[in-house]
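Biologist: I would like to learn how to read a structure like this one. Could you take me through it, feature by feature?

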Amino acid sequence: MTGTTRKSWAPYLFLTPAVTLFALFLALPIGYTVYLSLRRTKVSGLGLGKGSKREIFVGLDNYVAAIGDGELWAGWLRVVGYAALVLAVMLGLALVFALMLDAAKVRLARFSRIAIFMPYAVPGVAASLMWGFLYLPSVSPISELFGVAPLSQSAVVYSMANVAVWGGTGFNMLVLYTNLRAIPQDLYQAARIDGASELQIALRIKIPILAPAIILVTVFSIIATIQVFTEPTTLRPFTNTISSTWSPLMKIYRDAFVTGDLYAAAATAVVIAGISLVLSFGFLRVVKNRAFGEA
């Protein structure tokens with residue numbers, strides 16, 4: 001093998017591990033899900049005996065059933081309201097905390113960063129269980145202090161959103177804070193010489209420069225919130241106000257592992273993935289000119 005041949009093959013050799021992992025753990029599962037979504041089990045006779053159940057190709061029938069399922073769209077409406085609440089509060093707090101920690105004079109900055117980030121290190125199930133016990137009417141200090149039942153029909157969405165905000169704010173804050181630390185300090189010094197206050201520096205310099213990072217964490221947060229599963233599933237045993245199909249992913253879980261209809265669950269999963277892609281890329285398309293200077 002000549003030196004030129006080795007150089008031409010070298011990039012592909014370095015890419016082989018990444019391509020292999022992508023194929024095994026992403027492309028293959030997606031392909032198999034699409035395959036299942038196009039099939040269904042056909043039962044002959046009473047469904048007893050060998051050969052009485054066989055898998056057949058049904059085309060887009062599962063997708064038609066998924067799109068026409070009222071439970072799926074009811075779950076989507078609940079999740080859209082939940083996502084709007086979580087995104088506004090979580091990203092707003094993350095930006096405020098990042099700007100406060102990057103201020104010229106701030107005390108206990110290292111402790112504050114760790115304290116704000118720490119909830120993100122708690123697994124979602126553990127965090128939901130912890131908050132679930134705090135929400136229980138018999139032991140909840142929230143009910144005593146504020147006179148509100150956190151797991152009631154009118155408040156349960158806010159209770160779940162609180163868990164997500166508590167766990168996700170620290171990560172987004174750290175991303176924004178890291179980008180703030182990369183901004184040259186000369187810009188701030190020049191602004192202070194011109195008489196700008198810290199608030200003016202934050203609004204006119206820091207936030208505009210942070211726009212691409214804000215867009216990035218927003219896209220990631222959109223994907224995470226519209227795929228909510230952990231919080232409602234973990235809190236469900238604490239209350240009867242959360243149904244088994246409260247979110248689209250909970251419906252997929254019920255169809256696949258409770259009712260045993262893997263084919264309907266696969267079609268619904270593909271529909272949800274498509275909606276997630278449309279929302280994420282639609283948001284990017286709307287804001288890319290402002291954030292990245294692209295037409």
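Biologist: What does the accessible surface of the protein come to, and how much of it belongs to carbon and sulfur atoms?

Modeller: Accessible areas come from the Shrake-Rupley method with a 1.4 Å probe, and for residues only the protein chains shown count as cover. Here the total is about 17,600 Å², and carbon and sulfur atoms hold 69% of that. Keep in mind that this is a predicted model, where local features need pLDDT of at least 70, side-chain atom pairs count only at pLDDT 80 or more, and totals for chains, interfaces and linings use all residues. Residues are numbered from 1 along each chain as its sequence is written, and side-chain values use heavy atoms, with hydrogens and water left out.

Biologist: How many helices and strands does the protein have?

Modeller: Helices (H or I, at least four residues) and strands (E, at least two) are DSSP runs, numbered from the N terminus. This protein has 12 helices and 2 strands. Reading from the N terminus, the order is α-β-β-α-α-α-α-α-α-α-α-α-α-α.

Modeller: The radius of gyration is 25 Å, well over the 19 Å that the globule rule gives for 295 residues, so the protein is more spread out than a compact globule. That radius is taken over C-alpha atoms, and the rule is 2.2 Å times the number of residues to the power 0.38. Along its principal axes, the C-alpha trace spans about 85 × 80 × 35 Å.

Biologist: What share of the residues is buried?

Modeller: Buried means under 20% relative accessible area, exposed over 50%, and partly exposed in between (1.4 Å probe, protein chains only). In this protein, buried residues make up 36% of the 295.

Biologist: Which residues have the most contacts inside the largest nonpolar core?

Modeller: In soluble globular proteins, nonpolar side chains tend to be buried together. A nonpolar core is a set of buried Ala, Val, Leu, Ile, Met, Phe, Trp, Tyr and Cys residues joined through side-chain atoms within 4.5 Å. The largest one here has 56 residues, and Tyr82 and Trp246 have the most contacts inside it. Helices that each supply at least two of its residues include α3 (70-101), α7 (156-181) and α12 (262-292). Helix α3 gives the most, with 14 residues.

Biologist: What does Tyr82 touch?

Modeller: Contact means heavy atoms within 4.5 Å. Not counting residues up to four places away in sequence, Tyr82 touches several residues, among them Val157, Met160, Ala164 and Trp246.

Biologist: Is Thr268 buried or exposed?

Modeller: Thr268, placed in helix α12, has a relative accessible area of 2%, so Thr268 counts as buried. Leaving out residues up to four places away in sequence, Thr268 touches Ala66, Leu72, Lys251 and Ile252.

Biologist: Where is Asn162 found?

Modeller: Asn162 is in helix α7. Its relative accessible area is 29%, so Asn162 is partly exposed. Beyond its neighbours within four places in sequence, Asn162 is in contact with Trp131 and Tyr135. Helix α7 also holds Leu174, which is partly exposed at 31% relative accessibility.
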